[in-house]
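Colleague: Thanks for sitting down with me. Could we go through how a few of the labels on this model were reached?

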Amino acid sequence: MPERLLLGPGPSNSNPSVLKAISLQPVGHLDPFYINLMAEVQSLLRYCWQTKNRLTLPMSGTGSAAMEATIANVVEEGDTVLIGIKGYFGNRLADMAGRYRANVKTIEKDWGEAFTLDEIEAALIEHRPSVFALVHAETSTGVCQPMEGIGDLCRKYDCLLLLDTVTSLGGVPLFLDEWKVDLAYSCSQKGLSCPPGLGPFTINERAEAKLNRRSDKVPNWYLDISLLNKYWGSDRVYHHTAPVNMNFGMREALRLIHEEGLENSWARHRTNAESLWNGLEDLGLELHVDKDIRLATLTTVRIPSGVDGKAFTSHLLNNFGIEIGGGLGSLAGNVWRIGLMGYNSKVENVEKILEIFDSELP
Ligand code: PLP
């Protein structure tokens, strides 16, 4: 494989010490040393999410597996699930909830906008869902949904709040408990500087209570948290053979964030993103999202008229080994997506991409 600088929507490059950890010989998934490592991973994930949730663990699988796990565990046939769609991944949530036979309702915003509290409250009153699902950091648009007040609304209307934090964990402030988020999931390959392969997952006691009230089994064996908890909790009963090396990597990635300090990591992402935004604007380019809801980990830049966006991304990959993303869905052909996530959120990467945009843009 050629060496690439991954400045797209993910995966991001992994921290070399994470790769070193992954390259160790595996140990048994019930080895006492591994069990100790599992507990460290859980506690460090709680730190990164700012939650005390007991049921916090990395699902074996990518972010979509953890996404599906949140839905599979708490959604029963006929439950009303309200999804806030303001980009590609809201649509994926709606698709998944439908497959678990939920009564899916949606509220939508243009791709590049965020929901207001009034819009959310009106939809909660209209649909009275048992779960409201929302994407915090929409990787398809570069919008960071403001979270203040949403959890309180969900408690007021007695529904669970499910949050996608795939492009925010490690890179953008996240306060799950303070925001009253009941279920959340993420991935390993963005803000955590690991390769793809694990999907952090967490649920609180309110969500667990809904799971315990189910009248049927969780319809997905692999993602059933009550079974998985027998392995990750105190029983240590075999469920599936854990991808132990990925968890070696996850533990090292989380340790590095802890060593840096979560707030320092958030500040680094914000500072580098702001330099990128200023630099792109100095080059005469237009950013797609208003600054107050712009995501530090992923920036959407409008493709200037007359420029072939796809040809430009291929040019960067083929001639500079740099990956940036194109637009998805309604933004296809309209924006480029530049990611500065985890290990790749660095001053030198900002400088490099700005220099290349300056010299190579037609
Ligand atoms: N949610 C969001 C916001 C994402 O950006 C992604 C992937 O980029 C996913 C979910 C799905 O994660 P994965 O591709 O790791 O399965």
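Colleague: Why is Lys190 called buried?

Modeller: In this predicted model, Lys190 has 30 other C-beta atoms within 10 Å. The label buried needs 20 or more, so Lys190 qualifies.

Colleague: What makes Lys190 stand out in the UniProt record?

Modeller: The unreviewed UniProt entry places the feature "modified residue: N6-(pyridoxal phosphate)lysine" there, at Lys190. In the model, Lys190 sits in the loop between strand E9 (183-185) and strand E10 (198-203).

Colleague: Which residues is Lys190 in contact with, leaving aside its neighbours within four places in sequence?

Modeller: Happy to list them: Gly10, Ser12, Val166, Thr167, Thr297, Met341 and Gly342. The cut-off for such a contact is 7 Å between C-beta atoms. Pro11 belongs to the loop between strand E1 (5-6) and helix H1 (16-22).

Colleague: Why does Gln50 count as partly exposed?

Modeller: Gln50 has 15 C-beta neighbours inside 10 Å. Exposed would need 12 or fewer and buried 20 or more, so Gln50 falls in between. Gln50 is found in the loop between helix H2 (32-49) and strand E2 (55-60), and its phi is positive, near 55°, though the residue is not glycine.

Technical notes:
Residues numbered from 1 in each chain as written. Predicted model: local features only at pLDDT ≥ 70, side-chain atom pairs only at ≥ 80, totals over all residues. UniProt positions renumbered as here; feature names shortened; annotations may be inferred. Helix = DSSP H or I, 4+ residues; strand = E, 2+ residues; numbered from the N terminus. Contact = placed C-beta atoms within 7 Å.
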